[in-house]
Amino acid sequence: MVRTTAAGTLAFVCAWGLSACGGGGGGSSSNDETPTEKPSSASISVDPDGYAEKQVTIASEEDTNAILILYDDAENAYLLAEEVDTAVTSRSPDVSGNELTYECDNTGKVVITVNSDDVSDDERWRFDNCELNTPTFGRIVLNGDYFYVNEVLSDGHAGFQVFDLTGTVIASGEDIVAKGLDEWEITESGGVRTETYQTDALEFILGNDYFAIANALTTIEADNSGVSISLASKLIGSAIGGYIEISTEKSVYVASGDSCPQSGIIRLDGDGGTFAEVRYLDDTGTGHVAEITYSNTSEVVTYDSCDSLIF
């Protein structure tokens, strides 16, 4: 299901900043299906407590720690999607033309309609009361649709994925919801790989945890020397009780072979003009791996590791 890049910083950006990411080509099938059409747009529609309308204040380390918890909620949402993918595709399907039907642990099923060729993917997944066992979340039941389209271009590939899923964690009775749209375009020229990701809206609910991203645009440029990342997004969730805006004042740069950024400035904007800036190494002026400063205080929080930060 969810297609993400495989390594390091890019996987992080794709999954949690600020959109999910496109994968490569897929298998072949009879091309007798109408291609899946991309929705014209998506908007926040689930939002159980109106979080998308409540911008929160960013005034202290406690506030930025809550934002990092929001990223953990996002990680769980994408982990669930990956575990569902594995639980389904590890089974043997009943194949009829370009339809693959997978039996679930109950009487439910998953039907995947494949309209692909040797280099491009077009998959439509339909869950019908499907019970599956996942390593992290236990037994779940899912209903609804997931679409994935990835088309080859002359210099790369582009595509989108659509979520419209609901379900339940059986042991706890907690709700599962995944709804929204991701788009991507990935090209290579002159030794530079450029990745652009756009998300109008993507929402996840897992029990009491709600996470969403909206109005997100991420650009990644990578060559042999390293990776440069620029992003802008509205981050929404129960962990912070509302939303913040996140953007790069200066692109984040991660040199090849490094786990932490060499430079870059990320800005987190909150209610009432409050904000925090996350600065990395060369942009700290102090030699620390990273530091966070706040708009309404002289407090500076320094870090000698980037493990607990956004990058």
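## Overall fold

The chain's secondary structure amounts to two helices and 15 strands. Helices (H or I, at least four residues) and strands (E, at least two) are DSSP runs, numbered from the N terminus. This is a predicted model: local features need pLDDT of at least 70, side-chain atom pairs count only at pLDDT 80 or more, and totals for chains, interfaces and linings use all residues. Residues are numbered from 1 along each chain as its sequence is written, and side-chain values use heavy atoms, without hydrogens and water.

Contact means heavy atoms within 4.5 Å. Take the contacts between residues at least 6 apart in sequence: 52% join residues at least 24 apart.

Strand β12 (residues 263–269) runs antiparallel to strand β13 (residues 275–280), with five bridges joining them. Two strands pair if DSSP finds at least two bridges between them. L268 has A276 in β13 as its bridge partner. β12 and β13 form a hairpin, with five residues between them. In the turn, G272 has a positive phi of about 65°.

β13 also pairs with strand β14 (residues 290–294), antiparallel and over five bridges. Here A276 stands opposite Y294 in β14.

## D72 in helix α2

D72 lies in helix α2 (residues 61–89). D72 counts as partly exposed because its relative accessibility is 41%, and partly exposed covers the range between buried, under 20%, and exposed, over 50%. F211 is 139 residues from D72 in sequence, yet their C-alpha atoms are 9.5 Å apart.

Definitions and conventions: Buried < 20%, exposed > 50% of the residue type's maximum accessible area, 1.4 Å probe, protein only.
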